[in-house]
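Trainee: I'd like to learn how to read aromatic pairs in a model. Can you walk me through it?

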Amino acid sequence: MRKIFSRMECPNRVEYGESVSVGSRTVLVEDVIAEGGFGVVFLVKCGVRKYALKRMYVNNARDLSICKREISIVRHLGTHPHLIGYVDSRVSALKADVCEVLLLMPYHATTLLSLMNEKMKSGGFAEEEIVEILMDICLGVGRLHHCSTPIIHRDLKVENILRSDEGAYIICDFGSATSRILNSGMQGINQVEDEIKKYTTLPYRAPEMVDLYSNKPLTPKLDIWVAYFITFASFHCPLENLL
């Protein structure tokens, strides 16, 4: 997002212990799961059930459309067993042309990153575990790529792979997802480079994203490259040894 408000700037920002209405549900904020350029993801509860609540503030039409696109992707594809599920959402217009966007999703406590760090204590993943990770990621990526208009996640990384209590690996965070096929030979290197810097993570970029002078189109193959990079990294955790 071009503009992310700081804690002091955020209008009506969420506080710990605060009740927040999201669609038909009222949830209670318990903790922060993640915080970054996209906004904040909170751990919330509704009764005895835990959820993840992603909150974003935007102040321009482009960023609002990106947030709405993320909601649309999760709503329509969230029934897939390897893509994050959809619970509810809310978009509210606030003062000074600012919109608050809330996306409520199932909560999964374990990320692939935390699991990799834990596995290092016992010698790393077994080969069959790595095959399972790759298979689940590929099933989720395959669903994205087989939409009538293919969706490119663009920001697959170990932090964005969750594990459910049942042991399934689940792709989350579609804030960088796009259906556009960028090509530096057509849109220009500066424009493509600017978008790559905003919506992708450097260590996970495919070769054609790094060498823009190759003029290769940035297609769904980007996600496939990252899926196999994550698989390779799983053999060599901790990940810091590779990055």
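Mentor: Rings of Phe, Tyr and Trp (its six-membered ring) pair if their centres lie within 6.5 Å; planes under 30 degrees apart are stacked, over 60 edge-to-face, and the rest tilted. This is a predicted model, where local features need pLDDT of at least 70, side-chain atom pairs count only at pLDDT 80 or more, and totals for chains, interfaces and linings use all residues. Residues are numbered from 1 along each chain as its sequence is written, and side-chain values use heavy atoms, leaving out hydrogens and water.

Trainee: How many aromatic pairs does the structure hold?

Mentor: There are 2. Tyr 204 and Phe 229 are edge-to-face, because their planes sit at 85 degrees, with the ring centres 5.6 Å apart. That pair links distant parts of the chain, 25 residues apart: Tyr 204 is in the loop between helix 5 (189–199) and helix 6 (207–210), and Phe 229 is in helix 7 (residues 221–235). Helices here are DSSP runs (H or I, at least four residues), numbered from the N terminus.

Trainee: And which residue forms a stacked pair with Phe 229?

Mentor: Trp 225, at 5.7 Å centre to centre and 5 degrees between the planes. Trp 225 and Phe 229 are 4 residues apart in helix 7, so about one helical turn separates them. Put together, Tyr 204, Trp 225 and Phe 229 make one aromatic cluster.

Trainee: Is Trp 225 buried or partly exposed?

Mentor: Buried means under 20% relative accessible area, exposed over 50%, partly exposed in between (1.4 Å probe, protein chains only). Trp 225 has 33%, so it's partly exposed. Tyr 204 is buried at 6%, and Phe 229 is buried at 15%.

Methods: Helix = DSSP H or I, 4+ residues; strand = E, 2+ residues; numbered from the N terminus.
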